[in-house]
Amino acid sequence: MNQVTPVIIRFLQGMIIGVGGIIPGVSGGVMAVLFGIYERFAALMAHPIKRLRQDFWYFLPIGIGGALGILLFARLVVWAFDTYQAETIYFFLGCILGTAPSLYRTATSRDGMRPLFLFIALLAFAIMTGVNLYFENTTGSMANGNLTVLFLISGVILGLGTMLPGLSAAAIMIYMGTYDLVMERIASVDFMGMLPVVLGFCITLLLLARFIHYLFCHFHGQVYFTIMGIVIASLAAIWPGWHGWLPVAVAAVGFILSRWLSKFDPNEPDLAHI
């Protein structure tokens, strides 16, 4: 593999993570975990000064890809989700399923497979299923409130969706009634209008990063099997049902793409010693 290929792969991974972050029901944090990026990102956010020099060039194509994925595809994603909802969801289901083997290998890389880990995954599945059911039965909208405050809260939610794999920020913003408002600002490249969102996002990353990094370092298997339980619950929650073979074909494209992207080994250092 030449030196250019890993950069292109990380760029494409970043685009999928960015687009996944704005798809209702899909978690950008989960996509980062599945592509083997999340732990290193959490370490960078936990120790930005210490790790910036060694991680800058690694994350630059991911950051550019993520930003372009959000800016270029925001309007397209909203249109696709409204017009071809089943096909769009199936594509991301395929992406998630395609990276499942890599996620399992990472989860068992340090401590192997233990009965406790299976119990944790089942517990996470049950809790996430309960959360999904709660939001399905929750009505109401906050969209009539102060936009600056709402955008700041939306930024916090986007940060939580990034740092807490399995949490779909877009889905919560839909329940709040702010999803369309934020997507309109992104699609129109309204930087000033997006400032509260960016502020809330960055503050949340910095506040949560050190805690998340600690969990990965000291409870590696437990955290990953928790994520696996959340991912399975999320798959069940966003599955739109049977809509013919076309969505299945689209899912196959997502599966093949994610399998190819997940073959890239980031060769991350042992973060427990950082």
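What percentage of the 274 residues of the protein count as buried? In this predicted model, the share is 49%, where buried means under 20% relative accessible area, exposed over 50%, and partly exposed in between (1.4 Å probe, protein chains only).

View 1. The protein has 13 helices and zero strands, giving the pattern α-α-α-α-α-α-α-α-α-α-α-α-α along the sequence. Helices (H or I, at least four residues) and strands (E, at least two) are DSSP runs, numbered from the N terminus. Among contacts (heavy atoms within 4.5 Å) with a separation of 6 or more, 82% join residues 24 or more positions apart.

**View 2. Helix α10 and what follows it.** Helix α10 covers residues 179-187, and its buried residues include Y179, V182, M183 and I186. R185 and A187 are buried here too. An α-helix has 3.6 residues a turn, so residues three or four places apart point the same way. Just after α10, look for V189, which takes a positive phi of about 50°.

**View 3. I232 in helix α12.** Here is I232, found in helix α12, residues 220-238. I232 is partly exposed, at a relative accessible area of 49%. A121 is 111 residues away from I232 in sequence, yet their C-alpha atoms are 9.1 Å apart in space.

**Reading notes.** Residues are numbered from 1 along each chain as its sequence is written, and side-chain values use heavy atoms, with hydrogens and water left out. Local features need pLDDT of at least 70 and side-chain atom pairs count only at pLDDT 80 or more, while totals for chains, interfaces and linings use all residues.
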